[in-house]
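This report describes a protein chain as a whole and two of its residues in detail. The sequence and structure come first.

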Amino acid sequence: MDPTSFLLTVVLVLLLVFVVITVVRAVRIVPQASSLIIERLGRYSRTLEAGLHVLVPFIDRVRARVDLREQVVTFPPQPVITSDNLVVNIDTVIYFQPTDPRAAVYEIANYIQGIEQLTVTTLRNVIGSLDLEQTLTSRDQINGQLRGVLDEATGRWGIRVNRVELKAIDPPASVQDSMEQQMRAERNRRAAILTAEGSKQSQILTAEGEKQSAVLRAEGAAQAAILKAQGDARAITQVFDAIHRGDPDPGLLAYMYLQTLPKLAEGQGNTTWVIPAELTEALRGIGSALGGRDGAPDPGWAAQVRPRRERAVGEPGVDAFSDTQLQDPHDALRAAREEAGAATREAERSTPETRGSAAPSAAPAAARPAGATQAPQGEQAPPPPAAGEGER
């Protein structure tokens, strides 16, 4: 190959390379959410948005590419002194978004570094006016103040600060230990208060339950005593009426007296008998009733007893207890309950004198049969009536 041909080939290759470079530098494709700052001959020309653009080769050049998306920047912990002279380390997170690519490129050399330094200085000014407790409990207030200052300062840089967050606030280790002890003591105090209140409520409820139980037991015992006294009084009255309506003779009473004597010997500890003085009179009455003094039947007693027995056998329609009226048990129980309720209500609002007035009511009724069936000591049994006086 001659030198002329070789030189022509080199020129063609260089020309092709120049064309390719020119085309590459002239055609620009801008992606979405991005902007290109174009300078013409060293001076700002325009801002290219997303899409296809053509530049003037060797005259227009791309100065910077700006990302228009919201960005998150975290800064290392910064030591900050509070108003009570305590050093705390605070981590901050900044959320910002470029709104003016030209201002972000030409108004500040490095807006990331500018935001960081502005955040540190503003944070020290804000924390310096608060004590430790306010710093730990006023995160929202601190975030709002930081955002306001940063947004105002970065507005001329074409940056909008959306949020400022305090990621961590670390007090000194000694302060952390003191805070843990204080919290532990506060929790122990609350636990002790809750335990004491629970114990108090438990004792109050227990005392109220015991009080109500004692009141109910006392009311039950009072009603039971009243019902028992009324029942005993009614039983004694009816037995007393039945005995008097039956008109028993002295022989029957003496026989019942003898039937009661064996009960005195019941029990293993009864080694001595006490015979009342009325026993001889009762035995004398039985002997006179059965055989008289000489072993023959006493005609007077026979005349007294026989007509009554003959009348009872010969006349079946005649009953000694025909006039006795017994009350219905249901009516008696209902009446006793009503009287017990009235006595309970009266006992709750009455004085001790009225409460003690229920027991003596049964005493006269209980004393009447004893006085009617037992003759006074020292009296002789009445002589049997004559034969003509047997019928009444």
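Glutamate 39 is buried, with a relative accessible area of 3%; buried means under 20%, exposed over 50% and partly exposed in between, with a 1.4 Å probe and protein chains only. The model is predicted, so local features need pLDDT of at least 70 and side-chain atom pairs count only at pLDDT 80 or more, while totals for chains, interfaces and linings use all residues. Residues are numbered from 1 along each chain as its sequence is written, and side-chain values use heavy atoms, with hydrogens and water left out.

Glutamate 39 sits in strand β2, residues 34-40; strands (E, at least two residues) and helices (H or I, at least four) are DSSP runs numbered from the N terminus. Beyond its neighbours within four places in sequence, glutamate 39 has contacts (heavy atoms within 4.5 Å) that include Tyr44, Ile59, Arg61 and Tyr106. The C-alpha atoms of glutamate 39 and valine 62, 23 residues apart in sequence, are 6.3 Å apart.

Glutamine 78 belongs to strand β6, residues 71-81. Its contacts, not counting residues up to four places away in sequence, are Val88, Asn89, Ile90, Val120 and Arg124.

| Residue | Relative accessible area |
|---|---|
| Glutamate 39 | 3% |
| Glutamine 78 | 14% |

The side chains of glutamate 39 and tyrosine 106 form a polar contact of 2.7 Å; such a contact is a pair of N or O atoms within 3.5 Å, and within protein one must be able to donate a hydrogen and the other to accept it, residues adjacent in sequence counting only if both atoms are side-chain atoms.

The protein chain has 12 helices and 8 strands, and 23% of its 392 residues count as buried.
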